[in-house]
Amino acid sequence: MPRTALRICPLCEATCGLTLTVDGGRVTGARGDRDDVFSKGFICPKGAAFGDLDADPDRLRAPLVRVDGELREATWAEAFDAVAAGLRPVVETYGPHAVGVVLGNPNVHTMAGALYPPVLIAGLGTRSLFTASTVDQMPKHVSSGLLFGDANAIPVPDLDRTDHLLLIGANPLESNGSLCTAPDFPGRLKALRARGGTLTVIDPRRTRTARLADRHIAVRPGTDALLLAATAHTLFAEGLVDPGDLAPHLQGLGELAAALDAFTPEAVADACDVDADTIRALARELAAAPTAAVYGRIGSCTVPHGTLASWLVDVLNILTGNLDRPGGALFPQAATDRTPRPAGPGRGFALGRWHSRVSRHPEAKGELPLAALAEEIDTATGRGEPIRAVIAVAANPVLSAPDGDRLDKALGSLDFMVSVDPYLNETSRHAHVVLPPPPPAQSPHHDFAFNTLAVRNQVRYTRPAVPLEPGRMAETEILARLVLAATGMHGADPAAVDALVIDQTLGRAAREPHSPVHGRDPEELAGLLTGENGPERRLDMMLRLGPYGDGFGADPDGLTLDRLLAHPHGIDLGPLRPRLPQPLRTRSGKVELLPGPIAADLPRLRAALDERPGGLVLVGRRHLRSNNSWMHNVPALTGGSNRCTLHLHPEDAEALGVRDGEPVRIKGAGGEVTAPAEVTDVVRRGVVSLPHGWGHDRPGTRTRHAAADPGANVNQLLDGSLLDPLSGNAVLNGVPVEVAPLTAAVTKTFRALT
């Protein structure tokens with residue numbers, strides 16, 4: 001008989017609650033959980049297709065091990081024997097930095113991805129860490145680290161209470177939100193409009209979000225920081241700066257005003273293609289609103305001045321008194337956050353503690369740029385060893401990093417590669433061992449990362465909706481065994497990994513004076529933990545030590561795993577609350593408005609005032625039924641509007657001789673690709689748009705549906721040389737490209753193939 005089971009959706013950052021219909025161990029339907037304390041029944045097409053993705057016949061069901069050049073199914077024991085035999089000689093011969101760890105976006109959508117990679121990296125001792133963050137949000141981490149002393153202290157807009165919302169480089173009606181976890185983001189924006197609030201969208205495309213706005217400003221791509229700097233300049237010039245209750249927590253207000261002196265609205269107008277009066281109106285409206293929030297996302301991060309743009313987003317919130325107040329931008333408090341420590345000076349945030357071997361890129365937040373991965377493998381220098389082995393967890397950088405062709409060749413040259421991935425895709429096809437996690441219905445779920453970015457404090461946990469199939473291994477166990485194999489402890493009980501983390505965490509907590517368990521016996525505390533396995537015991541520990549926890553009995557009403565399990569639809573912990581100065585970890589104990597690295601990068605922004613690039617520039621775009629490269633193998637989530645086409649303005653199309661639907665060649669510094677033209681006025685003149693995550697046409701993959709309609713890999717247009725220098729983030733938007741129609745013969749061939 002069919003039954004229902006609850007599951008938090010892992011397919012985007014909205015983290016909606018789902019009610020799954022399960023029949024005979026298979027998910028046959030998914031709808032929104034109306035009783036979920038956070039999402040209240042909202043669901044998007046990705047969540048509705050949960051069962052299709054879960055049952056994708058191309059998902060690997062057993063490990064693969066390369067034998068005589070071919071990947072063949074193997075037992076789990078054989079697979080981990082091969083991992084240990086492949087990795088340990090590299091570490092022992094060339095040192096830990098010769099092993100690169102590559103973490104993809106899906107890691108933050110799983111419990112295993114949150115709990116085990118930090119242990120793996122620490123155990124290996126490698127500095128060769130590359131993640132999807134440096135093709136996405138690293139500028140926001142860096143700006144937050146410099147402003148607040150903590151790279152993970154990211155304020156989010158208080159969507160449900162703000163009177164004025166300014167979005168720049170964000171399209172939440174398609175993305176469902178990012179670095180701002182908000183189920184039913186579209187409904188929240190409509191509610192803002194319904195209560196008389198104002199929505200302003202800054203984007204070179206007239207996106208679905210822009211069409212909902214009161215004001216849409218079609219900025220020239222890549223000039224976000226200039227526009228925001230001029231808005232901040234106007235606040236100073238017109239006496240509109242009013243930090244209010246923030247004033248005692250600020251350092252450097254006067255220096256900030258002087259640093260922005262050159263960025264007048266008139267000075268930036270031509271570069272941004274936004275007139276000075278409009279810029280002044282933006283500033284005046286922000287200052288006049290009872291409450292306001294500025295929110296920037298990937299469009300303003302993946303540009304030449306991404307860190308400066310991310311910094312200026314928070315600067316505007318600060319100058320208008322809207323940081324850390326209801327209706328503005330506040331710091332969420334997740335249930336698994338560390339025990340809040342007393343306010344006061346901290347260690348601060350440092351950049352460039354080490355550098356990449358070839359191009360000397362500085363690390364940021366412990367990571368090197370993903371765009372540098374290929375050269376770190378294929379280029380010899382006198383500085384250290386190249387990367388000779390790669391551990392890729394839920395990562396497909398051949399599609400997500402610049403110049404996938406070069407990286408494709410580099411991965412093929414490795415001594416050893418292990419990939420944790422449910423698919424044999426463009427990256428994992430190079431692995432010597434592929435370790436496939438089970439489908440999401442067979443895994444537990446708690447959002448460690450996204451609850452630190454949620455627009456309302458809440459906590460939810462769902463156990464697996466479906467038992468593990470015979471022959472499957474839990475993703476948590478896969479990663480625990482990978483830790484053991486990579487760190488010289490192959491064959492040990494995987495439970496030892498969780499036991500070690502619990503022992504270390506409780507020991508540290510018992511030594512911290514501000515901890516609720518200060519002075520207690522860590523062994524006694526470990527004995528109090530509940531849960532069916534190591535990951536659940538770790539979750540219980542984090543809940544008990546967290547800001548709402550029971551402190552291992554100190555607060556009988558506090559959170560524990562048992563209490564959370566008794567609330568299957570989650571526990572509402574209330575709206576976001578002002579928290580300053582507690583989140584600050586700067587050396588001064590204040591918000592440092594003009595950090596040294598920011599000040600040092602401002603001359604580069606001033607030089608951009610005189611830049612007037614001609615020709616066409618490229619921007620990306622998102623589709624509601626897609627998430628990067630990992631959903632194109634599900635028929636229900638492809639087709640219709642979710643197609644890999646090049647958007648270009650009708651006037652540009654006419655000038656180029658391009659007709660709607662005809663194939664065009666797009667050429668950039670990294671190479672060229674071909675895609676159908678889609679002539680549309682949703683892009684401004686001079687701008688073309690190609691979506692991210694496509695290019696499923698390489699041999700040796702096993703994603704049949706994706707390969708049937710592969711699309712073009714937009715990142716092949718990039719050569720990897722364009723980076724935001726502070727964060728190492730790849731520049732993906734505002735990139736010059738050339739577009740031309742194909743010849744008649746090539747067009748005929750293209751049509752036949754597609």
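Trainee: What is the strand order of the open sheet of seven strands?

Mentor: This is a predicted model. The order is β5-β4-β17-β16-β15-β6-β7, and the pairing is mixed.

Trainee: What makes β5 and β7 edge strands?

Mentor: β5 (70–73) and β7 (129–131) each pair on one side only.

Trainee: How do you know that β6 and β15 pair?

Mentor: Pairing needs at least two bridges. Five bridges join β6 (residues 99–103) to β15 (residues 389–393), so they pair. These two strands run parallel. Val101 has Ile391 as its bridge partner in β15.

Trainee: Which helix packs on the sheet and touches β4, β6, β15, β16 and β17?

Mentor: Helix α3 (residues 76–94) does, and its direction makes about 125° with that of β17. Helix α5 lies across β6, β7 and β15.

Trainee: Why are α5 and α19 called roughly parallel?

Mentor: Angles under 35 degrees count as roughly parallel. The axes of α5 (residues 117–124) and α19 (residues 475–486) cross at roughly 0°. The two helices are therefore roughly parallel to each other. Their axes come within 9 Å.

Trainee: What makes up their contact?

Mentor: Pro117, Val119, Leu120 and Leu124 in α5 meet Leu479, Leu482, Val483 and Ala486 in α19. The residues divide into eight nonpolar, no polar and no charged.

Trainee: Which residues touch the most other members of the largest nonpolar core?

Mentor: Leu226, Phe263 and Trp311 do, in a core of 58 residues. Helix α15 (306–319) is one of the contributing elements. α15 gives the most, with nine residues.

Definitions and conventions:
Residues numbered from 1 in each chain as written. Predicted model: local features only at pLDDT ≥ 70, side-chain atom pairs only at ≥ 80, totals over all residues. Heavy atoms only, no water. Axes fitted to C-alpha atoms, helices over the stretch in contact; angles between N-to-C directions. Helix = DSSP H or I, 4+ residues; strand = E, 2+ residues; numbered from the N terminus. Parallel < 35°, antiparallel > 145°, perpendicular 65-115°, else oblique. Contact = heavy atoms within 4.5 Å. Nonpolar A, V, L, I, M, F, W, Y, C, P; charged D, E, K, R; others polar. Core = buried A, V, L, I, M, F, W, Y, C linked by side-chain atoms within 4.5 Å. Buried < 20%, exposed > 50% of the residue type's maximum accessible area, 1.4 Å probe, protein only.
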